[in-house]
Amino acid sequence: MADNYEYKSLTWDEAHEYEECEEFDDRYEELMEGVGKDGEEALNGMHHFLSRHHPMPIEDICVSMTINDVLLPVCPDFSRLGSEHCGFETVVIPQGWWMVADIDSTTDEMEVRKAYKEKLYTHYRSPNKMRFVYPVILKWNLDAAGNRVKGEIAMPLPEEHQSNPPPSKSDKVRIEEWKETKVYLRPYGGHRGDEEFKRQFENVRTAVSKAGLSYKENEEWEAGYTYLRYGRQRVEAMVVDNGSRI
């Protein structure tokens, strides 16, 4: 699959659904994609090892696929509303069923993959023969100092299981119906462990507050749409609208 990956340069507008705020110091639409901060090219020619690049557009990820002659979506029908303000995109996650498991608050990138495989896949997806759908969401509860104290990993059930979700037979996985939820987010073209990705949470909070909107201060979410360290990436830093309920 890596041999077939075709890198296509993107502009800021092609990769984002909002205008960037001028005060943020991580603007890079003027910089050439495919070149790191130090100006060096990736030694192996693979774009995703460079330090700065635009996130993979959602329309290149959330395509439909044919299974048993039926055209099925690979993502839930999130309403992406763009933004009339700078620095963030507004997205509405529809009501629906999700598979959810607890994770440790210190979970890093590789431990997230392990938690997905050992919990969601082994104890729910595989026994119920469910196909993979995007995104994988990490929900973090924060203490008063903003530290992560509790985490969850979640994946939406495929469309064909939403009307009759199979019950979980394991105490490691629970099935939850999430209410419609509005989130404010910034997509990022690197990995969860990058310092720049961590800064996206600061930036989205700053931008949302600047717009006169409110968010839940004791939560932050991450949405992952791409395979770790393969090709152009997309992870999203999210805060939850203060009026949303789960």
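How many of the 8 residues of E5 are buried? The count is 6, so E5 is largely enclosed by the rest of the structure. Buried means under 20% relative accessible area, exposed means over 50%, and partly exposed lies in between, with a 1.4 Å probe and protein chains only.

**Before you click**

This is a predicted model, in which local features need pLDDT of at least 70 and side-chain atom pairs count only at pLDDT 80 or more, while totals for chains, interfaces and linings use all residues. Residues are numbered from 1 along each chain as its sequence is written, and side-chain values use heavy atoms, with hydrogens and water left out.

**Stop 1: the whole chain**

Show the chain as a cartoon. It holds 3 helices and 11 strands. These are DSSP runs numbered from the N terminus: helices are H or I with at least four residues, strands are E with at least two. Along the sequence the pattern reads α-β-β-β-β-β-α-β-β-β-β-α-β-β. Of the 246 residues, 48% count as buried.

**Stop 2: the sheet**

Now select the strands of the open sheet. Its 9 strands follow the order E3-E4-E9-E11-E10-E6-E7-E5-E8, with antiparallel pairing. Two strands pair if DSSP finds at least two bridges between them. E3 (79-82) and E8 (174-178) stand at the edges; each has a single partner strand, so one side of each lacks a neighbour in the sheet. From one strand to the next, the twist averages 30°.

**Stop 3: around E5**

Select E5, residues 96-103. Towards E8, the antiparallel pairing has 5 bridges. Here Met99 has Ile175 of E8 as its bridge partner. Towards E7, which runs antiparallel to E5, there are 6 bridges. Find Ala101, which stands opposite Ile153 in E7.

Axes are lines fitted to C-alpha atoms, for helices over the stretch in contact, and angles run from 0 to 180 degrees between N-to-C directions. Contact means heavy atoms within 4.5 Å.

**Stop 4: Lys139 and a charge over a ring**

Select E6 (residues 136-142) and E10 (residues 219-224), an antiparallel pair with 6 bridges. Lys139 stands opposite Trp221 in E10. Now show the side chain of Lys139: it lies over the face of Trp178, at 4.5 Å from the ring centre. A charge sits over a ring if NZ of Lys or CZ of Arg is within 6 Å of the ring centre and within 35 degrees of the ring normal. Next, pick Arg148, whose charged end sits over the ring of Phe201, 5.6 Å from its centre.

**Stop 5: ring pairs**

Rings of Phe, Tyr and Trp (its six-membered ring) pair if their centres lie within 6.5 Å; planes under 30 degrees apart count as stacked, over 60 as edge-to-face and the rest as tilted. The count comes to 9 aromatic pairs.

Select Phe88 and Tyr184. Their ring centres are 5.4 Å apart and their planes stand at 80°, so the pair is edge-to-face. Phe88 lies in the loop between E3 and E4 (89-93), and Tyr184 in E9 (residues 181-188), so the pair ties together parts 96 residues apart in sequence. Phe88 is buried at 0% relative accessibility. Tyr184 is buried at 2%.

Move to Phe132 and Tyr134. With centres 5.1 Å apart and planes at 75°, this pair is edge-to-face. Phe132 is partly exposed at 31%, and Tyr134 is partly exposed at 26%.
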